[in-house]
Amino acid sequence: MNSIDFNPEGRKRNIIGFICLVVIVYLVQLFILQIASSDYKISADSNAFLKKTLYPSRGLMYDRFGNLLVYNQPNYDVMFVPREVEPF
């Protein structure tokens, strides 16, 4: 009869070694993408942050007798950038 050498310990080491190799490759790729390369950081910063000032509207304020103390009057700020103004 042919004797088949079935070594479960050797197979177990091979599988664990392969899984460790795959994990190391993934960790190296994550390190390169997130820390070593600045391309993705620049791209993420440009599309993630939008700085916009929002002024909350203020409601009417009454005293305890129902008399109006403060009312809401809209106020607008008009700003322009001189270098972006085109002649008519």
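A residue counts as exposed when its relative accessible area is over 50% and as buried when that figure is under 20%, with partly exposed in between. Keep that cut-off handy as you click around this predicted model.

**Stop 1: helix 1.** Select residues 8–36 to bring up helix 1, then pick out tyrosine 26 within that run. Tyrosine 26 has a relative accessible area of 57%, so it is exposed. Now widen the selection to Ile15, Phe18, Ile19, Val22, Val23, Tyr26, Leu27 and Leu30: together they make a nonpolar surface patch of about 790 Å².

**Stop 2: helix 2.** Next, select residues 39–48, which form helix 2 and include alanine 48. Buried or exposed, where does alanine 48 fall? Its relative accessible area is 54%, so alanine 48 is exposed.

**Stop 3: the loop.** Go on to leucine 60, in the loop between helix 2 and strand 1 (61–62). Leucine 60 is partly exposed, because its relative accessibility is 47%. Draw another C-alpha label, this time to glutamine 73, and it reads 9.9 Å for a pair 13 residues apart in the chain.

**Stop 4: the pocket.** Which residues line the largest pocket? Select Tyr55, Pro56, Ser57, Arg58, Asn72, Gln73, Pro74, Asn75, Asp77 and Met79. Colour the lining by residue class and you'll see 4 nonpolar, 4 polar and 2 charged residues.

Key: Residues numbered from 1 in each chain as written. Predicted model: local features only at pLDDT ≥ 70, side-chain atom pairs only at ≥ 80, totals over all residues. Heavy atoms only, no water. 1 Å grid on protein atoms, 1.4 Å probe; cavity = no way out; pocket = protein on both sides within 12 Å on 5 of 7 lines; lining within 4 Å. Nonpolar A, V, L, I, M, F, W, Y, C, P; charged D, E, K, R; others polar. Helix = DSSP H or I, 4+ residues; strand = E, 2+ residues; numbered from the N terminus. Buried < 20%, exposed > 50% of the residue type's maximum accessible area, 1.4 Å probe, protein only. Patch = residues over 30% accessible without salt bridge, like charges linked within 9 Å, V, L, I, M, F, W, Y side chains within 5 Å. Areas by Shrake-Rupley, 256 points an atom, 1.4 Å probe, with all protein chains shown as cover. Salt bridge = Lys/Arg side-chain N within 4 Å of Asp/Glu carboxyl O.
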